[in-house]
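Trainee: Could we go through this structure together? I would like to begin with its overall layout.

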Amino acid sequence: MGATLSLGALLAAQLSGSSAWSGMAATMSTLGAALVAVPLSRLAQARGRRRSLAAGSLIAGSGAVLAITAVAVDAFPLLLLALMLLGAGSATNLQARFAATDLASVRFRARDLSIVVWSTTVGAVLGPNLFGPGETVGAALGLPPLTGAFAFSLLATVGAAVVYSAGLRPDPLLTALAARPSNPAGERRIGGLAIIRSNPPARFAVGVIALSHATMVALMSMAPVHLRDHGATLTLVGLTISLHVAGMYALSPVFGALADRLGRMPVILTGQALLLAALTLFWLNGDSPVAMTAGLILLGLGWSASVVAGSALIAEAVEVHDRAPLQGFSDLSMNAAGALGGAVAGPILSAAGYSGLGLVTMLLVAVIVVWSSLRLAAAKRAG
């Protein structure tokens, strides 16, 4: 995904004839991830994680094939559809973290989830480095320019589907479902929306993940533009974004272990504190490349702590028979919030600059902090 999304932005500008359309690559991918999140969770509930995750990977693989075809026939709408299908890969990766919790003990649930999140670091580092080798492979295969990396995407997604199908045995969700008695039919929830309406902890966890993700996307998506406008070189921009991505994923096992040891709420509050620290840097000194770099690292760390602890909270907010619907709705909300955050960040940046964007998102995080503090206080009183 790291390689193909960047190439998608270049190809969107190329096939549309305007760089104004380059942002559609991320938009369509996010939209695709949001659209398949709930269907994949329903498939997991009915047929197990193994088939759900393998299906999501194969959908993403079909998007890679369609992207190559779109460039070959010079069809911009077809490229947008391909990028949407590739978004299924992101949805699959998100749901894979929950597969680690189905059979995990409460003592190590956040740690197990965080290890799956951490593995994203490998792909995030390797992905952008596939541009050169992709072009070499693409030329050897006779593919259109800038599409060689999609061949790697196809290989990776098909490989993932094979690993899920062959290696995810016994199926964790089906095993967990078989080990526990189902609720009476009258108490069963049909969908994630019905669950969060009646389950305050689930509603809180979904809200924290969605709002934290929206905050991260809003600031991260505008960072390259802001840095370039203030004279940063492409090398510095790339390094800054790489450090941000490292902050998002590299320390996730640390936050997972802390969430198991200290509890979910303290780690969520720690994540929000890190987000506030990042936003304060942006607000006070958003024109400084050094402050930008430090802020983006803190932004990634705050996102990581909030999402890891929030995801663990989702996994234990409901019984196993309601877990997949809630997780699918959470991923839908997360992607939708990210798309909204990215959409509104541009106009805010134009009107108020990066400092103004930091101030606006600071207010959003303040709401989460107050909400989290109230829940933590209520939990202590109840305990």
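Mentor: The protein chain is assigned domain 1 (1-176) and domain 2 (190-382), with bounds that come from an automatic or database domain assignment. This is a predicted model, in which local features need pLDDT of at least 70 and side-chain atom pairs count only at pLDDT 80 or more, while totals for chains, interfaces and linings use all residues. Residues are numbered from 1 along each chain as its sequence is written, and side-chain values use heavy atoms, with hydrogens and water left out.

Trainee: What separates the centres of domain 1 and domain 2?

Mentor: The separation of the two centres, taken over C-alpha atoms, is 22 Å.

Trainee: How many residues of domain 1 are in contact with domain 2?

Mentor: There are 29 residues of domain 1 in contact with 29 residues of domain 2, where contact means heavy atoms within 4.5 Å.

Trainee: And how much area do they bury between them?

Mentor: Domain 1 and domain 2 bury about 2500 Å², with 64% of it on carbon and sulfur atoms. Buried area is the accessible area (1.4 Å probe) that two parts lose on being put together, summed over both. Phe-98, Arg-109 and Ala-110 supply 19% of the area that domain 1 buries against domain 2, more than any other three residues.

Trainee: How many salt bridges are there between the domains?

Mentor: The count between domain 1 and domain 2 is 3 salt bridges. A salt bridge is a side-chain nitrogen of Lys or Arg within 4 Å of a carboxyl oxygen of Asp or Glu. Asp-331 and Arg-97 form a salt bridge, with their closest N and O atoms 3.2 Å apart.

Trainee: Which elements give two or more residues to the side of domain 1 that touches domain 2?

Mentor: They are α2 (24-47), α4 (76-99), α5 (109-126) and α8 (172-179). Helices are DSSP runs (H or I, at least four residues), numbered from the N terminus. The largest share, 10 residues, comes from α5.

Trainee: Changing topic, what does helix α3 reach from its first C-alpha to its last?

Mentor: Helix α3 (residues 49-73) has 25 residues and reaches 36 Å, close to the 36 Å expected at 1.5 Å a residue. That expected span is 1.5 Å times one less than the number of residues. Just after α3, Asp-74 takes a positive phi of about 60°.

Trainee: Which residue forms a salt bridge with Arg-49?

Mentor: Asp-102 does, and the closest N and O atoms are 2.7 Å apart. This pair links distant parts of the chain, 53 residues apart: Asp-102 lies in the loop between α4 and α5, and Arg-49 in helix α3.
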